[in-house]
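Here is a short tour for anyone meeting this structure for the first time. Have a look at the model, then read on.

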Amino acid sequence: MRFQPVARCLAVAQQFRGPWSRSFSAFTNPAAMAAMAAANNSSSSSASGEGVTLAALPKSWHFTSSLPPDSHFPTPADSHKASREDLGPRQVRGALFTWVRPETQEDPELLAVSPAAMRDLGLAQSEAETDEFRETVVGNKIHGWDSETLSGPGYPWAQCYGGFQFGDWAGQLGDGRAISLFESTNPRTGVRYEVQLKGAGMTPYSRFADGKAVLRSSIREFIVSEALNALGIPTTRALAISLLPHSKVRRKRIEPGAIVVRFAQSWLRFGNFDILRARGDRELTRRLATYVAEDVFGGWENLPGRLDDPDDPSKTPTPQRNISKDTIQGPAGAEENRFARLYREIVRRNALTVAKWQAYGFMNGVLNTDNTSLLGLSMDYGPFAFMDNFDPHYTPNHDDFLLRYSYRNQPTIIWWNLVRLGEALGELLGAAATVDTAPFTTTTTGLTDPTAAAPVIARAEKLITQAGEEYKTVFLTEYKRLMALRLGLNPATALPTDFDTLFSPLLDTLEALELDFHLFFRRLSALPLSAIATPQACLARAADFLYSGGDNDNDNDAEAAGQQQQRVADWLAVWRERVVQDWGTLEDWGAAGPSSSSSSGSGSGAVSDKADGERMAAMKKVNPNFVPRGWILDELIRRVEKGGERGVLKRAMHMALHPFEDNWAGREFDGVVFEGDKEEEVRWTSDVPKTERAMQCSCSS
Ligand SMILES: Nc1ncnc2c1ncn2[C@@H]1O[C@H](COP(=O)(O)OP(=O)(O)OP(=O)(O)O)[C@@H](O)[C@H]1O
């Protein structure tokens, strides 16, 4: 039996060309804004104690001890003894991974570490100075393995996965240049991560390539992984970047090689299931799904129970959890078993993440199923970008002629990928209460009788379609919440009209006037309501949002420039009224009360200067001052690669880890004064130079 519930589910995807294709938009009362900001900043700024040494960090190998290895090398010792040729590209079946060792690297240079990553892993900051760290982060030191006795509790591995690339099935892919070293558990938080090298040599999954990564793409991945995390967007992380001085990598030109050490709670992707489905490997599909539920998500009972009304997910904003493993919920024809709950958890997580991308103007650039995480993490940093001028059709991927992975398409494409995942899990979803009986547990062919298969297919289709509604609702709810926060409004008191009267007009204006997405929100965060109390004042301040120095496209057309300014002014007036509705209800009016001359505005309402100060502070905590845009990353790469600079990488990482600050140089962070470079940070947070906007890159890395 082959699952093809595509047509109906794609219909859900088509409907999915909704208003966020432009995108959209409270402050909370200050407490809720502060909570949001705290969540955003938790990992980068929280004090976390001293940390331990690399040797003392608790290590494990759950993945490799739970799932089957490539039978070509049944044990790590078999792989360890093999020649490098034997470790080269081939098809790997019936396995989730291959034991494989990283290549030995000579004279590696540790360029930079992420202090936030050190902290989140549980490592002492001083550990980065040790030889053990330097050798580990390039794969020269293998933990858990004794190469004298050829034994140990663990050994490095590369995963087997496949994927749909640009909509077409691409066959076996796998970790062609990524090698996982071990899982480590932060002794303080108890969070377990899988630590992995990227660019450390060939594996059986390298296909036609070399197993290497160039410095250019490694710098991009190193910075953006940590930047997204600091913005509160789920992502794989980056610990360290090392230059390989003897590695010359052939791409369009010869480039220096590098290794990034990265980590994630799981590196499993949709592609891990795609390959099993393509090969009809039912047993492994079930085993992997069980591993994901029990190990990655921490148990079946952590998954979401059935919604009160799956056709209207908004009625159940927070689904019940603690549903026991064997419970079946729902009416005949739409019964949800544990695998349906697993699928829905993956759907919900991905909906949340793509909502954050849309609200923060981030584009992955290559959302193939091998780049879509089961945990809902942003992953695989190739031609990604943050939006400069707001343009929903923009894709950072130079090779994406059809704009498949453009900004506006991201929510639809993630749903498209989720439908592929639903197909891979289709039999397990559709089997409902019979999932633990034959033939689902006993045959390798599955249901061969079309009459018996029909209700299973129909149920899977129904559940996937319902999950589509849940995806839309979770996505929209999160997107609106974030946009409300970014505009200084209270998501809890959001008006049904906000979308049409505030969010959409803003995005239309940004698009029509080719205004910078990030700078708009940051500058709005610093705009006192008292400065836009009248239409004339709105008009005057509207200029703050246009490019300075005659850098707009209509440079020479004074009339057009005036109309643009008026359009921004009109929106500011609407926004002001809406902010007053939320913040004006604060009881904090100061001694003089709401009619005080120190309060801003006139007419329909006012906000005290104190409350407005709180509004601005809260907005700054959700609207970054620094995002690593394409042109900044290009400058960084040029200066590190050609100019031999090192400090610039550390400074950029510092700004990426503290994106909401007004300034950085000379200020104390975590008890240490950050030297910084004032000129650089002003430049990196000002207007993007006209010729550097909306850059694109190719997939070659
Ligand atoms: N230089 C290379 N050597 C070997 N395999 C490669 C190389 N570049 C890409 N691949 C493989 O091609 C596939 C698609 O590449 P893609 O650029 O999406 O991934 P990646 O950046 O290498 O890895 P990841 O998704 O783990 O960040 C993956 O299976 C990847 O391992």
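The side chain of R177 places an N or O atom 2.6 Å from an oxygen atom of the ligand, a polar contact (a pair of N or O atoms within 3.5 Å). Please keep in mind that this is a predicted model, where local features need pLDDT of at least 70, side-chain atom pairs count only at pLDDT 80 or more, and totals for chains, interfaces and linings use all residues. Residues are numbered from 1 along each chain as its sequence is written, and side-chain values use heavy atoms, with hydrogens and water left out.

**Around the ligand**

- D380 also reaches the ligand through its side chain, with an N or O atom 2.4 Å from a ligand oxygen atom.
- G176 uses its backbone instead: an N or O atom there lies 2.8 Å from an oxygen atom of the ligand.
- The protein buries 88% of the 580 Å² that the ligand exposes when taken alone (accessible areas by the Shrake-Rupley method with a 1.4 Å probe).
- There are 20 residues around the ligand, and G174, R177, K198, R262 and D380 come nearest (a residue counts as near if one of its heavy atoms lies within 4 Å).
- This shell holds 11 charged, six polar and three nonpolar residues (Asp, Glu, Lys and Arg count as charged; Ala, Val, Leu, Ile, Met, Phe, Trp, Tyr, Cys and Pro as nonpolar; the others, Gly among them, as polar).

**Two helices side by side**

- Helix α15 (residues 517–525) packs against helix α18 (residues 609–620), with axes 8 Å apart and an angle of about 155° (axes are lines fitted to C-alpha atoms over the stretch in contact, and angles run from 0 to 180 degrees between N-to-C directions).
- Helices are DSSP runs of H or I with at least four residues, strands are runs of E with at least two, and both are numbered from the N terminus.
- α15 and α18 are therefore roughly antiparallel, a label for angles over 145 degrees.
- F521, R522, L524 and S525 of α15 meet R615, M616, M619 and K620 of α18 (contact means heavy atoms within 4.5 Å).

**Backbone details**

- A438 and P439 are joined by a cis peptide bond, with omega about 5°; P439 sits in the loop between α12 (426–430) and α13 (450–486).
- F166, in the loop between β5 (162–165) and β6 (168–172), has a positive phi near 50° although F166 is not a glycine.

Terms used: A polar contact is a pair of N or O atoms within 3.5 Å; within protein, one must be able to donate a hydrogen and the other to accept it, and residues adjacent in sequence count only if both atoms are side-chain atoms. Angles under 35 degrees count as roughly parallel, over 145 as roughly antiparallel, 65 to 115 as roughly perpendicular and the rest as oblique.
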